Amino acid sequence: DFCGIDSEPLYHPPMDAEAFHPGPYGDFLYFPSRINKWKRQKLAIEALAMTKEKVVIHFSGSPDNPEYFDELEDLARRSNVLHRIRFLGRIPFSDMVEQYANCRGVLFPPEQEDYGYITLEAMLSHKGVITCHDSGGPTEFIRDQIEGLVTQPDPESLALAMDRFWRDREFAKTAGTNANTRLNDMKVSWENVVDKLTQCK
């Protein structure tokens, strides 16, 4: 964009993409990621405290800084939502796949993510994504009200999106179906990447 050069992004799939599969739209939102301030788990907990529905979040991933994790736990406790959170820590890949398969939707509101395999893993699992306008990579795939919800990066807006997924299971299912369809339509595959590159002159 800066140089005014026409270009086409070549999106590649995450590792072991074939392992991801759909499942029921269960009673939790899944937030998989390294735990650090740029992934904005704090924002998610602040939003959880503002939800009107009894939303549950499963976080997985290890903290880059133990002090930040302690801060998150303290925030959840002070906000009286610790009982609606599961901190799973770093989990095996097979367990992560099942979390994706069984969640209501995926919560991924990072700050200026460069690409974001989490978005693609959610789409492979037929799950809609809640993200933010300034989240970077996820917004290249997720369109508001279609493959999920794209909100302002503030607790009030994120809480409304989480409540929407929780109240409206049919919307969550439709968003998940749309997400998987969009991934296929965008030809996110190594075959497409290699084909495009070998056609370059």
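View 1. Six strands, in the order 3-2-1-4-5-6, make up an open sheet with parallel pairing. Strands are DSSP runs of E of at least two residues, and helices are runs of H or I of at least four, both numbered from the N terminus; two strands pair if DSSP finds at least two bridges between them. Strand 3 (85-87) and strand 6 (148-151) are the edge strands, each pairing on one side only. From one strand to the next the twist averages 20°. Residues are numbered from 1 along each chain as its sequence is written. In this predicted model, local features need pLDDT of at least 70, side-chain atom pairs count only at pLDDT 80 or more, and totals for chains, interfaces and linings use all residues, while side-chain values use heavy atoms, with hydrogens and water left out.

**View 2. Strand 1 and its two neighbours.** Strand 1 (residues 29-32) is covered on both faces: Leu-29 and Phe-31 on one side, and Tyr-30 and Pro-32 on the other, are all buried (under 20% relative accessible area, 1.4 Å probe, protein chains only). Four bridges link strand 1 in parallel to strand 2 (residues 57-60), where Ile-57 is the bridge partner of Leu-29. Strand 1 also pairs in parallel with strand 4 (residues 105-107) over two bridges, and there Val-106 is the bridge partner of Tyr-30.

**View 3. Strand 2 beside strand 3.** Strand 2 and strand 3 run parallel and are joined by three bridges. Phe-59 has Phe-87 of strand 3 as its bridge partner.

Notes
Buried < 20%, exposed > 50% of the residue type's maximum accessible area, 1.4 Å probe, protein only. Axes fitted to C-alpha atoms, helices over the stretch in contact; angles between N-to-C directions.
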